[in-house]
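Subject: Structure handover

Hello,

Here is the structure for you to look over. My notes follow below it.

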Amino acid sequence: MSHPSPLSKQTIFFHWLVAISFIAVLAFGLYVEDLPKGPEKGELIGLHKSFGVLVLLLAVSRLLWRFKEGAISSIPGSPRWQEKIATAVHHLLLLATLLMPISGIAMSIGGGRDVGIFGMTLITAGEKNELLGQVGHVTHEVLANIVMVTLALHVLGALKHHIVDKDATLRRMLGKS
């Protein structure tokens, strides 16, 4: 079996930085969502929003890097249907890392609230826009569920490559090939 070229340190770094940040902000958001209304929840939502803006900046950086470096090649020998599913999962995750924070920002703007990062205002609050707020809210919630399923597929696919196929897919993303 031929070996694909190793991934650049920047590609590996961006993958893991965005993945860990995104999953952490998602998990934090799910935790905060279930808290009772009150000042503590409001403060935690503010943190969630701030970290969400950071995830958006990281995701945009990762996407720009990917455009510069090109898509990651798959390991030779995988059936075509698996490559199509893997490509769809990767594209959905890339899109989600952009759309989740953007939909959160839309919720804030639609709710007539500032968009900021750790107390620093990036977008000043304006008048409420119910439609924008609702679209942002629904998108944020639906995407959260889609992302959890897609992340599970991504992890299961990586484990299948590592344990069943015994190929270099996971080792490559760990910088070990």
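**The nonpolar patch**

Ile146 lies in helix α4; helices (H or I, at least four residues) and strands (E, at least two) are DSSP runs, numbered from the N terminus. The model is predicted: local features need pLDDT of at least 70, side-chain atom pairs count only at pLDDT 80 or more, and totals for chains, interfaces and linings use all residues. Residues are numbered from 1 along each chain as its sequence is written, and side-chain values use heavy atoms, without hydrogens and water.

Ile146 is partly exposed, at 35% relative accessible area. Buried means under 20%, exposed over 50%, and partly exposed in between (1.4 Å probe, protein chains only). α3 gives the most, with 4 residues.

**The chain**

The protein chain has 5 helices and 2 strands. Their order is α-α-α-β-β-α-α. The C-alpha trace spans about 60 × 30 × 25 Å along its principal axes. Of the 177 residues, 34% are buried.

**Helix α2**

α2 covers residues 39-69 and reaches 45 Å from first C-alpha to last. Its buried residues include Leu44, Val53, Leu56 and Trp65. Among the elements covering the buried residues are α1 (9-33), α3 (80-110) and α4 (130-164). Gly70 follows α2, with a positive phi near 95 degrees.

**Aromatic pairs**

How many aromatic pairs does a search of the whole structure find? It finds 2. Ring centres (Phe, Tyr, and the six-membered ring of Trp) must lie within 6.5 Å; planes under 30 degrees apart are stacked, over 60 edge-to-face, the rest tilted. Phe13 and Phe14 are tilted, at 6.0 Å centre to centre and 55 degrees between the planes. Phe14 is buried, at 17%. Phe51 and Phe118 are edge-to-face, at 5.1 Å and 80 degrees. Phe51 sits in α2 and Phe118 in the loop between β1 and β2, so this pair ties together parts 67 residues apart in sequence. Phe51 is partly exposed at 37%, and Phe118 is partly exposed at 45%.

Best wishes

Technical notes. Expected span 1.5 Å × (residues − 1). Contact = heavy atoms within 4.5 Å.
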